[in-house]
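Biologist: Please take a close look at a single part of this model, the place where the two chains meet, and describe it with the criteria behind each term.

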Amino acid sequence: MELPPLSLQQLATVVTSAPTPTELYHTLSEYEAEACLLSIQDSNQAELLSQYYATFFFSHLLTDQIREARISTQRMPENLLQKDPSLQNCLNLLRAVWQRNYEQVYRVLRELPWSDQLKPLVQSYEAHFQEKTLKEISRAYEAIRPAAAATYLGLDPTSAAQGDSATVQKLTAYGWTWDEEAGLLHPKPVAEDPQKEARLYNELSEVMALIGNRRS
Amino acid sequence: MAESLSYLTSVSSQLLSVDKISDDRYDCQIRDLIAYIKRSDKSLDTEFLLNNLNPSQHTLPYLFMLNLRVGSLQKKTRNTSPDEIKPGNDLWVKAVCFLRTFDPIQVRYAGNEWRRLIELIGQAAEAAAKPFLAVQVIRDAILRLDSLCGILSSVHVIFLRLCLLSRSYSYALPVLERQIFHFSTGQVQAYRKYIDHPLCSKNTPKDFFLSDASELSVKLTYRDHVQYFLYGGMIYMALKEWDKSLHWLSIVITSPVNDSVSKIMIEAYKKRMLAGLLGHGKLAPVPKTISSHVLKVFQSLTKPYMSLSEAFERNDFPRLRAEVDIGRSIWRIDNNEGLVSQLYNAYNSFLVLKLGRTFSALTTADVAQQAFTSLESSSKVENFVASLVMAGYLGATMLHLKSPGNATMLHFSGLPETYITRERGVRAWLAKEGQALKMITNGVDQCSNELKLGNENLQLVSKNQRWPDSSGKSGGNVIGEADGIGLEIDEDIMGDNN
């Protein structure tokens, strides 16, 4: 199906109408060739390009394609990347995510000036990043200090270290248990999506059926 | 001109009802159409026709008109890439639209024109320093022509090159991840002459319409073959899929040679060494199919890489750093500087992984003492180890201790969920391999038919018919006899291995 031409309005429509981050990514990737034809010499086109590439960048992050996000920055026009504030923010965010510098990730997301069009994506990514990190901590830690957990999850580490009940409550809300005597939290592993499991079983059944057919 | 348009549209519209007309009639009509276009090409108003034909319905006339238009502009401007075909201009838009919507059956009859258009699009995008523009278009066109993509063509090589140039590595995956199981040889088996399947028939084997004769691909050379697999290996390296890159680069270094090895093979050997270090922390074993003299050539031409690998494998960080510095100009000339720069991080990761093979648990302070002299503080080591565990590279869990010193214990023995993760990985792998198996099975069936009807087997049959006593059977099962020969060959192969 042919997509409507790329414009600021169309970009906003794509962002608001995409039901999932994966679909947002796929739709935006279809526009990359069209974006490639725009010129940064024209100020209107440069603004559109800035919005497009920043949105596309976030669609990578929201689908956990960090490496691909990095590669996509290498395809952006060099001059635009160096001068545009939104894309510079994206680069800062990428660097922090790539280096797993959690404090910096939250700082970039919360404190840098993002354009109004990008703010919903920035907020979505913050929630996504927190959720992803929570799963990773749950898998990686048997016990964790509240301050460390707070740093990973973008909460206040100082109040967490002092045993602030509100912060601890936020963390126990994830199903973790709080050992007050030891001053440690025990994360609870997060279960995987059962739909993914079912799909894999179906695919395996197909393989077994194929092997069975060939044997006969 | 309206008359020509009316004729072209009416004939190609009839072709669209492919299910309703027989293959022979379709074949006959389409050949007539080609003859008509070729006969009247000088009198046709290509611009008018391009504006009035629909590329998805009138694929064949549209393709010819595009080529005629480009040809006339090239002649007029004496430029192989006239302005009209440059990205964004009129002919570019038309060509892109065509390549996204063409009818794959009609294109079988105009392989040369289709291929030339792809080449032109690639050249134009590259000339405008925007190779990415051609990547999606060519990928979609390759998959549209042959969704299985099991036959290597010259267009594949062009496509991977553009993917590398434009750094659009993941865009290559839909093509790369389809198994190539046919190589166009240019030789058409004799029996094919007696099988009456027109090009348009769904029973026509894909390697037949994608053969050299169809001109959808130019004749592939040895260089094209190794280049394709080198490019594929490089793309997988860029995506950090080390095992796949090792496999693709192994195909390059095991390519048959006469006396000397090619430069491309040397390049692949160097990259393969680095892929082994980055993916597994050690050099990947050399495939047994490489002869000893070829291996000696490889080793003699890659000595700096060998020294680098030794330092890496022996956990000698000062030497590794020295080797990286000494060979800097070599890595740059070989375009391997980026890969070499990744060695430091890989070195640190594999150090921790190796500790897991010796110890069941360590504090992160012990990890720092045992492994890292390169990282400054134990907090940096802890962050590094935590990043490995959280990213899933290191099968371990971390435990913050109650003690006042803020110690962290690293348990290398995986929890039960590690097994679950592994099992899930194996299941995903099995499902993926299953898909590949399905495709290869179809290919094997086709190959089996080829072998039964191929020139060599037919010669063998005729020989056996001349000497009926020699086989001990008269007539009988031809395949059974061939199987007997197969067993002998098998034993020879086993003998070589021993």
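**The interface of chain A and chain B**

Modeller: In this predicted model, the contact (heavy atoms within 4.5 Å) takes 42 residues from chain A and 45 residues from chain B. Residues are numbered from 1 along each chain as its sequence is written, chains are lettered from A and ligands numbered from 1 in the order in which they are written, and side-chain values use heavy atoms, with hydrogens and water left out.

Together the two chains bury about 3900 Å², of which 57% lies on carbon and sulfur atoms; buried area here is the accessible area (1.4 Å probe) that two parts lose on being put together, summed over both. On the side of chain A, the residues that lose the most area to chain B are A:Arg139, A:Glu142 and A:Arg145, which together account for 17% of what that side buries.

As for specific pairs, the rule finds 1 salt bridge across the interface of chain A and chain B, a salt bridge being a side-chain nitrogen of Lys or Arg within 4 Å of a carboxyl oxygen of Asp or Glu. In it the side chains of A:Glu181 and B:Lys402 meet, at 3.8 Å from N to O. Polar contacts (a pair of N or O atoms within 3.5 Å, where within protein one must be able to donate a hydrogen and the other to accept it, and residues adjacent in sequence count only if both atoms are side-chain atoms) link 15 residue pairs between chain A and chain B, with both residues at pLDDT 80 or more.

The elements of chain A that give two or more residues to this side are α2 (21-30), α3 (32-36), α5 (66-75), α9, β1 (141-143), α10 (146-153) and α13, where helices (H or I, at least four residues) and strands (E, at least two) are DSSP runs, numbered from the N terminus. Helix α13(A) gives the most, with 10 residues. By class, the side of chain A that touches chain B has 23 nonpolar, 3 polar and 16 charged residues.

A word on confidence belongs here. The mean pLDDT of chain A is 89, and 88% of its residues reach 70 or more, yet helix α13 (residues 194-215) of chain A has the lowest mean pLDDT among the elements of that chain, 62. Where pLDDT is low, the predicted coordinates should not be read in detail.

Technical notes: pLDDT = per-residue confidence, 0-100. Nonpolar A, V, L, I, M, F, W, Y, C, P; charged D, E, K, R; others polar.
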